[in-house]
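I opened this notebook to record what I looked up in one structure. The entries follow the order in which I consulted it.

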Amino acid sequence: FELVHYQFGREQRGASSCYKRHRTAPGRLLSTPRKGTRMSQPGAATLKLEDQRLHWKESSAGNTVQVPVETFLAHYTNLLHSQRDTDDLVSHIEEGLKAKPKTSNGEAKPRTLNRLGWAATNFIGPHEDTVFKGLEGIAEEIHSHCETWNKTKQHPKLQQRTTRLICQPNHTTASEVRGGSMKTDARFILNEIVSDENVPTSAAVAPAEFKTRMNPKNQIDNESKIIGAVGHILYNDPCRRSVIAFTIEDRLMRFWYFSRSHIAVSAQFDYHANPRLFIRFVIFMTFASLEDLGYDPTVERVRVGDSKKVQYRFTIGDKVYQTTGIIYELNLDLVTRATRVWSVVELDSNYLAIGTPKVLKDVWLYFDTTPESDIYNAIFGALRQLDEDGSVPENERPPPLQSGSSLEQDAKNYFMTIVSDSVVMINGQPDEAQEPPAGYVEFFYTEEEDKFAMEAALEGTQRGDVDGNTPTLKRADGEAYPHKKKTHRRIVFAELCHTLYRVSTYAAFTKGLAQLVYGLEYMRLAGFVHRDISPGNCLIFEGQTKISDLEYTRPYAAPGHGAAPLTGTPGFMAVEYQMQKHEFKPKAVRHILRGVSRLPQPAPWFRFNFLHDLESVIWIYLWFLLETLPESLTPPEIAQHRMPVLVLRHRLFDGSLKASTERLDFILDCSTDQWCEYDNVMDVLKAVFGSDSKIPEGLQSFAYLAGCYTAVESSKPLCPESPHMAHWDRKVFLHEYYEEIHSYFMDAHNHITDTTEKALPIRYTEQERQHRAQQAAGASKTGSNKRPRTGTGRDSEAYVPPVREDEDDDDDDEEEERAASPTEESQDRKTKRKRTVRK
């Protein structure tokens, strides 16, 4: 088939945009390059359809609210902004629909709207496609009566038609990207679309799902499908800010609104008994501007030359940037920051590239979040003040990069350079995802409602006695975080970098982490904590590590840290931060009795501190060692070491936001004389890298960090009587802590003999592929019909293939037992670790 592609033009014609049509070769789709990180979260295209819907629905629980129908129409779909004009128009349409129309021959036709409701859909049919096909004609008649009314009123909002409704349940939309097509029972599409056969997903304005019978099964199916359709739209189309949808089960209709701050659903109503509500909805969908329908006029689609690839042009103030590729676009949730990071070039007035490549970050942040540019200025301002005061001696700061350079000058080498940081403006107003209207209640999806009813029946409780859904965003005190307003921001950075995920050699990775430690020390000197250190937020530019994504950065002594939501990547969070407790005490001793750990009583308050950022750096190092294997290993060695490494990675990096006792034990056990998980990890890594390798020795920084925690938490806190103000003095976080941990990584870096040796992902090493190919060839020669197990082909960080016990053979079990047993070498390390702790 031929796909007609529509490009949003700059010139506006009425309420609709002007489109330029581009035809592709038959059978080819326009494709936008989506490039995920080497070991990052899976994108939507890598999941099956049912998995996508399940993920979107689960992530929407707690972010969805229910409002009365009138409130929904007034808050989300208010077109005329005048109740008098709205009532007058709806009454005119209702009268016209109830009148008996006549054909050109003067014969009377059935009324569109009678005393039983909508005649076109008010019957029992064999299938939903037949029953609800009449909605197309109803929408067209409503449009016709609107034009009749507007001939005398001349209302500016009704001058240009924007969309029309089509009911084509068996037609799939044509996507610009792989995995972005969808199939819904009906949809409002842009009126500029010529053919109803090959509608691009980008032109599907409002999806709809129908069922002829009302029951929980049909409700679950409609909810899952409508959320899945909206997920495809918001995830695959950078031009969309919000989406409106509707569902019908028998005679009951619901309206839906999806934004980056919340999801709203109207209460169910009988659209036959209350036709005026449906008429108001159709009026809005037919005549609303593209901006009101959720499109972003500051983003344009463009084709790159004669190729089939699609890129985007962003207008930021008086400058225009065009994308050249996607760096990060892997967040699947609907209510989220929706972070997209692009590599871009600036365009001149003739749309020709000028200057060097840059990075554009598009993100939705809470309205009270401090802009990144302000955080950068605050950090550099604090360092500038320290330079002026001369309060930081040379031996209490990282080594200067240049002789005589100031703290501010050196610190700028560890951070990105911001070209612009601004709020997206739509028609002169800030682009914001508003809060839900007053009077909303938390919405329970159908299966949750059924579960609630069962629990209530068993416990004898009423609905009002039980709290609503637990939001995905939780405060440290466990209370629900409100549905806060979000602001749409775009930030342009001068340096086109790559993340630590993309570093492919051990030498470069250890050097990058060492530089990261110094960057964090500059933040300590300025009095700021990052709170989201991860490989994706640590960038490499021309061999220099740079810290990015500072939207969660806060002044260390700022009040209220305990009430803030957990932020960061779960696998790299500090253990204390996950537990919201200070777990280290002076001379902390592990008492193990019958397998139960009894830890010292933590402080009654908690505050994120500088050591937590340092701990994230060490977790990144451990993750990298458990995620990769040296290129020099032979296929038999890969097969030998793979299972022990995978077991450790599953145990220590489970991806859960909840606190992990295994991770806490891993740090606490570093200073004990008993056999522990730390020794297990070191034995496995020594077997992989060799007993003489210094690469695993960098993990001894965990033992040193445990001593730092103990030293800090043994000091007297400031304002201990106030949980929101209590904290330790910044003076107890010493420069030598950073210098020592920096030395661990530099020692590992300096002892790497082959600086070009690559660190290949453990699941997809080339040697392993060749080894499997040889095994497959050998099996085919022997006549075996058993297919060799192959990789999934996903390049993802958080995707962890499940380890099933029934698939492990006896050899793997023996290897795991050998990996878990102590060795003489591990006993020698105990002595070294004792010296490190005492130091």
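**Entry 1: helix α2.** I looked up which residues of helix α2 (residues 69-76) are buried, and I found Val-69, Phe-72, Leu-73 and Tyr-76. Buried means under 20% relative accessible area, exposed means over 50%, and partly exposed lies in between, with a 1.4 Å probe and protein chains only. Helices are DSSP runs of H or I with at least four residues, strands are runs of E with at least two, and both are numbered from the N terminus.

**Entry 2: the source.** I recorded that this is a predicted model, in which local features need pLDDT of at least 70 and side-chain atom pairs count only at pLDDT 80 or more, while totals for chains, interfaces and linings use all residues. Residues are numbered from 1 along each chain as its sequence is written, and side-chain values use heavy atoms, with hydrogens and water left out.

**Entry 3: the whole chain.** I found 21 helices and 32 strands in the chain. Of its 839 residues, 53% are buried. Among contacts with a separation of 6 or more, 74% join residues 24 or more positions apart. Contact means heavy atoms within 4.5 Å.

**Entry 4: α3 and α7.** I asked at what angle helix α3 (residues 83-98) and helix α7 (residues 275-287) cross. Their axes cross at roughly 110° and come within 10 Å. That makes α3 roughly perpendicular to α7. Angles under 35 degrees count as roughly parallel, over 145 as roughly antiparallel, 65 to 115 as roughly perpendicular and the rest as oblique. Axes are lines fitted to C-alpha atoms, for helices over the stretch in contact, and angles run from 0 to 180 degrees between N-to-C directions. On the α3 side the contact includes Leu-89, Val-90 and Ile-93, and on the α7 side it includes Arg-276, Ile-279 and Ile-283. By class, I recorded 7 nonpolar, 2 polar and 4 charged residues in the contact of α3 with α7. Ala, Val, Leu, Ile, Met, Phe, Trp, Tyr, Cys and Pro count as nonpolar, Asp, Glu, Lys and Arg as charged, and the others, Gly among them, as polar.

**Entry 5: α5 and α7.** I then turned to helix α5 (residues 135-153), which packs against α7 at an angle of about 75°, with the axes 10 Å apart. The two helices, α5 and α7, are therefore roughly perpendicular to each other. Ile-138, Ile-142 and Cys-146 are among the α5 residues in the contact, and Ile-279, Val-282 and Phe-287 are among those of α7. The contact of α5 with α7 has 10 nonpolar, 2 polar and no charged residues.

**Entry 6: α11 and α13.** I found that the axes of α11 and helix α13 (residues 610-627) come within 10 Å and cross at roughly 175°. α11 and α13 are therefore roughly antiparallel to each other. Their contact has 14 nonpolar, 1 polar and 2 charged residues. I also looked up Gln-515, which lies in helix α11 (residues 506-526). Gln-515 is buried, at a relative accessible area of 14%, and touches Tyr-414, Gly-543, Gln-544 and Thr-545, not counting residues up to four places away in sequence.

**Entry 7: two positive phi values.** I noted that most residues other than glycine have a negative phi. His-81 has a positive phi, near 60°, and its place is in the loop between α2 and α3. Gln-580 also has a positive phi, near 55°, and sits in the loop between α12 (575-579) and β29 (591-593).
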